[in-house]
Amino acid sequence: MQSFDVIIAGGGMVGLALACGLQGSGLRVAVLEQRQPDMAPPSEQPALRVSAINAASERLLQHIGVWDDILQQRASAYNAMEVWERDSFGKIAFRGDECGFSHLGHIIENSVIQQALWKRAESLSDITLITPAALKQVAWGENDAFVTLEDGRMLTARLVIGADGAQSWLRQHADIPLTFWDYRHHALVATIRTEEPHQATARQIFHGDGILAFLPFSDPHLSSIVWSVTPEDAERLKQLEPEQFNRELAMAFDMRLGACSLESERLAFPLTGRYARSFAAHRLALVGDAAHTVHPLAGQGVNLGFMDAAELIAELRRLQRQGKDIGQHLYLRRYERRRKHGAAVMLASMQGFRELFDGNHPAKKLLRDVGLRLADSLPGVKPKLVRQAMGLNDLPEWLA
């Protein structure tokens, strides 16, 4: 029987960031992960799954000592954003340097972030990485949680943290209810080469039946796309011959970057919104996708998860300093209150956007166009939008 203070189920980006942030707090941390990440250097071709890492997440990754490693591997800074609606006058554009920022964020492959975090966690004395490890049973005692793994090993901890993804085993095992809804869209992702340079600008276009985003890589002609369309359309686009796909893509994007050329395979996955009714319980806390998933509309999913980690790091360090029981639900409720609010606001915003930009009803279209125009032209609005996009309005105090 191995004893720890904290067991984190899930060695993805959020779980590992949380573990690294607890180094030096006096807490002994174990991370359980089913598969050790591939530690080979990134291939020449970027991976298909990427995240738009905002300034708030960058601060967390700097603080836990992995940011420089990520930059050395591969990260693409962007300093401008453009959002518009097809066949209309509605558009908004903003630049970070207009508001005093050198960049708005970075487009980074998920595998690059996880690799840097895993390497960092391996080097830290307070963290034990246990892999391969799959949960078989958890029993919640008065003073400890008792964890049994599939291979028969047994562990105890004062607190178990679910960072085990959208289908969280821990959340289900703890009988925490989940509110969820199908966005009735699939996201198609691919790497695209464009005729015109992207100028380090993230772009997003709304059209009645979908949303298409181009996220810029360091190569001035290379972007990652996220195309949110109906499941039927996603399947059709996936099966198209590359030449036909390239034509449809360029047209859907208003030829903004000229001709497009597919540089990778195409992947599609369903989009579901999820919101756990509780983010904490007796000797349990949920973070990242185990607690919430949002539409990739604003690329905020992993940033929300990193802010969960940042908030929980601060809370657990405070409780440990004060000599309090880190697994008491009474104390974990402060983390829960703060993060439930942040996630609820983001989910509601994304849902509102989805509803507003869904369909081609003339009245709705006019409302969208006027709204985008006002946001683009009213004084004082853009700096607020920039700070919101960068995550700077929701920073835990220790990262501010």
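This is a predicted model: local features need pLDDT of at least 70, side-chain atom pairs count only at pLDDT 80 or more; totals for chains, interfaces and linings use all residues.
An open sheet of six strands is present, with the order β9-β3-β2-β13-β21-β20 and mixed pairing. Its edges are formed by β9 (127-130) and β20 (280-281), each of which pairs on one side only. Within this order, β2 (residues 6-9) and β3 (residues 29-32) run parallel to one another and are joined by four bridges. Val-6 is placed opposite Val-29 of β3 in this pairing. In general, the strands of a sheet pair through backbone hydrogen bonds, in either a parallel or an antiparallel sense.

Antiparallel pairing is found between β14 (residues 178-194) and β19 (residues 267-276), which share nine bridges. Here Thr-179 has Tyr-275 of β19 as its bridge partner. Strand β19 is also joined to β22 (residues 292-293) by two bridges, and these two strands likewise run antiparallel. In that pairing, Arg-274 is bridged to Thr-293 of β22.

Ile-225 belongs to strand β17 (residues 222-229). Its relative accessibility is 0%, and Ile-225 is therefore classed as buried, the limit being under 20%. Leaving aside residues up to four places away in sequence, Ile-225 is in contact with Leu-188, Val-189, Ala-190, Ile-192, Leu-212, Ala-213, Phe-214, Phe-245 and Leu-249. Among these contacts, Leu-188, Val-189, Ala-190 and Ile-192 fall within the range of β14 (residues 178-194). Leu-304 lies 79 residues from Ile-225 in sequence, and the C-alpha atoms of the two residues are 21 Å apart in space.

The second largest pocket has a volume of about 160 Å³. Its lining comprises 13 residues, and those nearest the pocket centre are Ala-40, Pro-41, Pro-42, Ser-43 and Ser-111. Helix α4 (residues 110-123) makes the greatest contribution to this lining, supplying three residues. By residue class, the lining of the second largest pocket consists of five nonpolar, five polar and three charged residues.

The cysteines were examined for disulfides. A disulfide is a covalent bond between the sulfur atoms of two cysteines. With a cut-off of 2.5 Å between cysteine sulfur atoms, the count of disulfides is zero. Two cysteines illustrate contrasting levels of accessibility. Cys-260 has a relative accessible area of 8% and is buried because this value is under 20%. Cys-99, by comparison, has a relative accessibility of 26% and therefore counts as partly exposed, a class that lies between the 20% and 50% limits.

Notes: Residues are numbered from 1 along each chain as its sequence is written. Side-chain values use heavy atoms; hydrogens and water are left out. Two strands pair if DSSP finds at least two bridges between them. On a 1 Å grid over the protein atoms alone, a cavity is a set of points where a 1.4 Å probe fits but cannot get out, and a pocket is an open set with protein on both sides within 12 Å along at least five of seven lines; lining residues have an atom within 4 Å of a point. Grid points are joined across faces, edges and corners, and a volume is the space filled by probe spheres set on the points. Ala, Val, Leu, Ile, Met, Phe, Trp, Tyr, Cys and Pro count as nonpolar, Asp, Glu, Lys and Arg as charged, and the others, Gly among them, as polar. Buried means under 20% relative accessible area, exposed over 50%, partly exposed in between (1.4 Å probe, protein chains only). Contact means heavy atoms within 4.5 Å.
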